[in-house]
Amino acid sequence: MGGDKRDFNLLIEEKKQKLAEKWNSLYQRMVEVCLKCNKLTEAIEYVERSKTRNLVEEILRRDQNTIFPPDVVKELEKYREEIAEAQKQIQQCTADNPTALIQHLRELREKRNELQDQYLLIGSSFKFEEFQKKLDVI
């Protein structure tokens with residue numbers, strides 16, 4: 001059983017890497033569009049999201065026990081497992097209702113991000129205006 005879980009985790013990591021490459025390309029195009037439309041703040045926000053997304057995920061995985069209280073760690077692990085299971089069902093085409101599962105997956109990710117953001121305001125919650133206000137104070 002342990003080998004199956006390791007294999008599944010390796011598969012998930014490979015899928016995440018491929019997805020990260022696609023997201024990076026998408027972020028790059030979004031930045032280009034924002035720049036062409038003279039929306040500099042939005043361009044910076046996309047750059048920051050792109051740069052921090054994978055880093056934040058790795059930091060949270062590695063240091064979650066020191067960043068979050070124990071009950072929050074358990075809840076985040078529950079979200080992580082539910083998200084992984086939903087992704088597996090979508091990838092293997094075993095979901096009874098793929099549309100509903102995709103919506104549920106979005107909701108799980110949103111709840112996870114909201115919970116993380118309560119303790120660590122980086123990644124999905126990055127807002128340039130707030131960042132700039134902090135720089136102005138320094």
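Me: Does Q116 count as buried or exposed, and at what relative accessibility?
Reply: In this predicted model, Q116 lies in helix α4. Residues under 20% relative accessible area are classed as buried. Q116 therefore counts as buried, with a relative accessibility of 11%.

Me: Which element gives the most residues to the largest nonpolar core?
Reply: The largest nonpolar core has 14 residues, and F68, V72, L76 and L115 have the most contacts inside it. Two or more residues come from each of α2 (40–67), α3 (70–91) and α4 (98–119). The element that gives the most, with six residues, is α3.

Me: How are α3 and α4 oriented to each other, roughly parallel or roughly antiparallel?
Reply: The two helices pack at an angle of about 155 degrees, with their axes 10 Å apart. Angles over 145 degrees count as roughly antiparallel. The orientation of α3 and α4 is therefore roughly antiparallel.

Me: How many residues of the contact of α3 with α4 are charged?
Reply: The crossing of these helices is left-handed. Residues of the contact include E75, E82 and I83 of α3 and R109, K111 and R112 of α4. Twelve of the contact residues are nonpolar and four are polar, while the number of charged ones is five.

Note on methods. Residues are numbered from 1 along each chain as its sequence is written. This is a predicted model: local features need pLDDT of at least 70, side-chain atom pairs count only at pLDDT 80 or more; totals for chains, interfaces and linings use all residues. Side-chain values use heavy atoms; hydrogens and water are left out. A nonpolar core is a set of buried Ala, Val, Leu, Ile, Met, Phe, Trp, Tyr and Cys residues joined through side-chain atoms within 4.5 Å. Buried means under 20% relative accessible area, exposed over 50%, partly exposed in between (1.4 Å probe, protein chains only). Helices (H or I, at least four residues) and strands (E, at least two) are DSSP runs, numbered from the N terminus. Axes are lines fitted to C-alpha atoms, for helices over the stretch in contact, and angles run from 0 to 180 degrees between N-to-C directions. Angles under 35 degrees count as roughly parallel, over 145 as roughly antiparallel, 65 to 115 as roughly perpendicular and the rest as oblique. A crossing is left-handed if the near helix is turned anticlockwise from the far one by less than a right angle, and right-handed if clockwise. Contact means heavy atoms within 4.5 Å. Ala, Val, Leu, Ile, Met, Phe, Trp, Tyr, Cys and Pro count as nonpolar, Asp, Glu, Lys and Arg as charged, and the others, Gly among them, as polar.
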